[in-house]
Amino acid sequence: MNKNSTLYEQLGGQNKLEEIADNFVDEISFDAQIYPYFANSNIKRFKNKLVEQLCVMSEGPCQYSGDTMEQVHTGMNITERDFNRTVDLFIAAMTKAGISHPLQNRLLKEMAQTRDQMLYK
C-alpha cells in the first residue's frame, strides 16, 4: 500500500469499516459488562454512525452526521474500567476483520481523542 494513502485506504475502505462495526456489535452483544450500555440502542443507527465516525477519523470521504460524543454519552456515566473493556472489544473486532496491529494502533490513536468526551458524562 502506498505510504501516502490515507488510513481509510490502508484499512480497506468502506467495506472494511462496515466489517469492523459489525464485528464490534457482535463483541458487545456477547459481553455482559458492556452490553447494558447498548441494550436500548438503535443498533442499525449505532453501526451507521460508527462507520461514519471511523471514516472521518481515518481521513475517508465521509462526513459525520450524528450527535456529538458528549450528547451520545451523557447520562451513561461510563467508568474507566468499562471504557477500557470497550476498547478491548473494538480491538477484537479489528483483529477479526484482519486489520494489522500497526493500523489498529493508528486508528485507536485517532479514536483516543474522543475519550474525555465519553467518560463520566
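Analyst: Contact here means heavy atoms within 4.5 Å. The model is predicted. Start with Glu 52, which sits in helix 4 (residues 43–57). Leaving out residues up to four places away in sequence, Glu 52 touches Cys 62, Gln 63, Tyr 64, Ser 65 and Gly 66. The Glu 52 side chain comes to 2.7 Å from the backbone nitrogen of Ser 65. Glu 52 has 19% relative accessibility, so it counts as buried; the cut-off is under 20%.

Now the aromatic rings. Phe 24, Phe 38, Phe 46 and Phe 90 form one aromatic cluster. The count of aromatic pairs is 3. One of them is Phe 24 with Phe 46: the centres are 6.2 Å apart and the planes lie at 35 degrees, so this pair is tilted. Phe 24 is in helix 2 (residues 13–29) and Phe 46 in helix 4, 22 residues apart. Phe 24 is buried at 6% relative accessibility, while Phe 46 is partly exposed at 22%. Phe 24 also pairs edge-to-face with Phe 90, at 5.2 Å between centres and 80 degrees between planes. That pair joins helix 2 to helix 6 across 66 residues. Phe 90 is buried too, at 3%.

Phe 90 leads on to another packing contact. In helix 6, Val 87, Phe 90, Ile 91, Met 94 and Thr 95 meet Gln 104, Leu 107, Leu 108 and Met 111 of helix 7. By class, that contact has 7 nonpolar, 2 polar and no charged residues. Helix 6 (residues 80–96) and helix 7 (residues 101–111) pack at about 145 degrees, with axes 11 Å apart. Their crossing is right-handed.

Terms used
Residues are numbered from 1 along each chain as its sequence is written. This is a predicted model: local features need pLDDT of at least 70, side-chain atom pairs count only at pLDDT 80 or more; totals for chains, interfaces and linings use all residues. Side-chain values use heavy atoms; hydrogens and water are left out. Axes are lines fitted to C-alpha atoms, for helices over the stretch in contact, and angles run from 0 to 180 degrees between N-to-C directions. Helices (H or I, at least four residues) and strands (E, at least two) are DSSP runs, numbered from the N terminus. A crossing is left-handed if the near helix is turned anticlockwise from the far one by less than a right angle, and right-handed if clockwise. Ala, Val, Leu, Ile, Met, Phe, Trp, Tyr, Cys and Pro count as nonpolar, Asp, Glu, Lys and Arg as charged, and the others, Gly among them, as polar. Buried means under 20% relative accessible area, exposed over 50%, partly exposed in between (1.4 Å probe, protein chains only). A polar contact is a pair of N or O atoms within 3.5 Å; within protein, one must be able to donate a hydrogen and the other to accept it, and residues adjacent in sequence count only if both atoms are side-chain atoms. Rings of Phe, Tyr and Trp (its six-membered ring) pair if their centres lie within 6.5 Å; planes under 30 degrees apart count as stacked, over 60 as edge-to-face and the rest as tilted.
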